[in-house]
Amino acid sequence: MLNELYPQAVEAGISSTEYWSMTFDEIMVQVEANKKKHENKLREQAMFDYSQQRMAIFAFNDPKNFPKFEEAYPFLKQIKEEVKEAVSEEEVRKKEMLSDQEIMRQNAMLIQETRKRKQAKNKN
């Protein structure tokens with residue numbers, strides 16, 4: 001059965017090297033995911049094509065009121081905000097990590113000082 005499914009799976013976007021290590025369920029999930037990804041790409045391309053045609057007509061008929069880039073593609077502002085948010089979340093994680101590292105460094109120094117005091121006490 002897997003031999004019969006192999007050409008279709010590769011055509012659906014599954015790597016030929018990955019195919020043989022996958023279970024039937026994994027293959028079907030990957031095929032569905034690849035199909036949806038392709039459909040989304042086509043939908044996105046259609047949206048851009050439609051928007052481009054609308055703007056071309058607008059530019060020809062009413063060039064004075066041609067929309068600004070941000071007005072023509074309002075979703076780009078949302079993407080920009082999401083990117084900023086993701087960057088700020090990453091910065092928070094980095095700060096937390098640095099804070100944790102500083103605490104660990106201080107604890108390590110305290111442990112070293114305690115060991116030195118114990119060694120000095122044992123020598124006396």
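Mentor: The largest pocket holds about 150 Å³ of space. A pocket here is an open set of points on a 1 Å grid over the protein atoms alone, where a 1.4 Å probe fits, with protein on both sides within 12 Å along at least five of seven lines. Its volume is the space filled by probe spheres set on the points, which are joined across faces, edges and corners. This is a predicted model: local features need pLDDT of at least 70, side-chain atom pairs pLDDT 80 or more, while totals for chains, interfaces and linings use all residues. Residues are numbered from 1 along each chain as its sequence is written, and side-chain values use heavy atoms, without hydrogens and water.

The lining consists of Y50, S51, R54, M55, F58, P67, E71 and A72 (lining residues have an atom within 4 Å of a point). Helix 3 (24–61) and helix 4 (69–72) each give two or more residues to this lining. Helices are DSSP runs of H or I, at least four residues, numbered from the N terminus. Helix 3 gives the largest share, five residues. By class, the lining has five nonpolar, one polar and two charged residues. Nonpolar means Ala, Val, Leu, Ile, Met, Phe, Trp, Tyr, Cys and Pro; charged means Asp, Glu, Lys and Arg; the others, Gly among them, are polar.
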